[in-house]
Amino acid sequence: MPRFLLKPQIQFGSGSLSYLEQVKGHRACIVTEKIMVQLGHVDRVTRLLERRGIEYEVFPESRPDPALELVTKGLQHIIQYRPDLLIAIGGGSSIDAAKAIMYFCLKTKEQFVEHESIRKPWFVAIPTTSGTGSEVTSYSVITDQTAGRKMVLIDDVMLPDVAILDPDLTRTVPPPVIADTGFDVLTHALEAYVSRPANSFTDIYAEKAVLLVFQNLLRLYRNPADDMARENMHLASCMAGIAFNNAALGVNHSLAHALGGRFHLPHGRSNALFLPLVISFNAGLEGELSTATASRYAALARLLGLPAADPAQGARALAEAVRVLRQNLDLPASIPAAGVERARLQEQLPGMVADVLEDMCTPGNPRPVSREDVIRLYEQAAS
C-alpha cells in the first residue's frame with residue numbers, strides 16, 4: 001500500500017540554528033567531524049546547549065564515507081555516555097554516521113532489554129552542505145573498507161526528529177564541493193521522479209527540487225556569495241531527500257556506490273558521471289523507447305523550458321541539459337577524467353557489477369537492469 005511519511009519537523013532559513021535554544025534534554029552527544037570544530041560550527045551549537053544547561057560531549061571522528069570502524073567506535077561512545085539528545089552537524093557523512101551509530105545502539109539494546117523500555121534519543125540533524133538530504137531520510141550509507149563497498153542501511157528509526165536547515169552554515173563550502181553535492185541533489189530528484197514507487201506526493205518535491213537546482217546551482221557555483229541561491233540549494237537538497245525517502249532511488253546510485261566505494265570518488269561526482277547515460281538507458285533512447293519513463297523525463301524537460309514535443313525529444317533534451325550543467329560545473333565527463341585508469345576499472349569491474357545488482361537502490365529503477373546493462377553503462381562512462 002502506498003504511503004507518504006511527513007517527518008521530521010523542519011526548521012529552515014537564516015538563523016534557524018537558534019531552534020536549539022528550545023530543545024529539551026540533559027545530556028547531548030554531538031556527532032561531527034574535525035573541520036566543523038575548526039570552523040567554529042560546533043561552538044555555535046555548544047553555546048546554545050550551555051544556555052539550556054545541557055551537558056554534552058563531542059564525538060568529532062566522522063569523515064567522508066564513514067567506515068564500519070567509525071560506527072563501532074561511536075557505538076561504544078554512545079552506549080557509555082547514554083545521551084537523551086543526539087545532534088549531528090556536518091555534511092551527509094556526519095549525519096549518516098550518527099544515524100548508523102544510533103541504529104546499532106538501539107539494535108544492540110534490543111538483544112538485552114525489553115523493546116518497550118528502550119528510549120531513543122531526540123535526534124537533531126544539522127546539514128552544513130546541500131547535497132545528501134540525509135537530514136530527512138531513513139537511509140545511511142556506510143563503507144566497508146575491507147571489502148571496498150558501500151552498504152545502504154534503511155530503517156525509519158534513523159529518521160531525525162528535527163532537521164535544521166540554516167544556510168549560514170554552508171558559507172564555507174568551496175565551489176568544487178558545491179558542484180559535487182549539487183549534482184547529488186539533482187540525481188536524488190530525478191531518480192525519485194521516475195522510480196517505481198513514485199507517486200503524486202513525491203512528484204511535488206522532486207519537481208521543485210529539479211527546478212531549484214537548474215535555477216540556482218550554477219549561480220551558486222560561480223558566485224558563492226549569492227545568498228538566495230545558497231538558501232534555495234539547501235531547500236532543494238531537503239526536498240529531494242523527502243522525495244526519494246518516500247519513493248526510491250535507482251541504478252544511477254547503485255553505479256555510483258560501487259565506483260565510489262572502490263575508488264574513493266566524491267559521491268555527487270560519481271553520480272554525475274552516470275546521470276545522462278542513465279536517463280538515456282531508462283528512457284530506451286538507444287533501442288526500444290520506454291514511453292512511460294520517457295514521458296516522465298519529458299514532463300521535467302517542459303518544466304525547465306526544454307524542447308519536448310514528444311517523449312523521446314523531451315528525454316534527450318533533459319539528458320543534454322544535464323551534460324551541459326555538468327560541463328559548466330567543471331565536473332568530469334568520464335571515469336578516466338575522474339582519475340580512475342581504465343585498467344584499474346576493468347580489474348574491479350566484475351565485483352562492481354555484482355555490487356550494483358545487489359544494491360538496495362537498483363530495484364527502484366523504472367527499467368529492469370541486467371548484468372549486461374551494468375557492464376554497458378560502465379563502459380559508456382569510461383569512454
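**Reading ring pairs**

Modeller: A search of the whole structure finds five aromatic pairs. Rings of Phe, Tyr and Trp (its six-membered ring) pair if their centres lie within 6.5 Å; planes under 30 degrees apart count as stacked, over 60 as edge-to-face and the rest as tilted. Phenylalanine 4 sits in the segment before β1 (9-12) and phenylalanine 201 in helix α6, 197 residues apart. Helices (H or I, at least four residues) and strands (E, at least two) are DSSP runs, numbered from the N terminus.

Colleague: What kind of model is this, and how are residues numbered?

Modeller: This is a predicted model: local features need pLDDT of at least 70, side-chain atom pairs count only at pLDDT 80 or more, and totals for chains, interfaces and linings use all residues. Residues are numbered from 1 along each chain as its sequence is written, and side-chain values use heavy atoms, leaving out hydrogens and water.

Colleague: Is phenylalanine 201 buried or exposed?

Modeller: Buried means under 20% relative accessible area, exposed over 50%, partly exposed in between (1.4 Å probe, protein chains only). Phenylalanine 201 has 52%, so this residue is exposed. Tyrosine 205, at 24%, is partly exposed.

Colleague: Which residues do ring pairs link into a cluster?

Modeller: Phe4, Phe201 and Tyr205. Phenylalanine 4 also forms a stacked pair with tyrosine 205, with 5.8 Å from centre to centre and 25 degrees between the planes.
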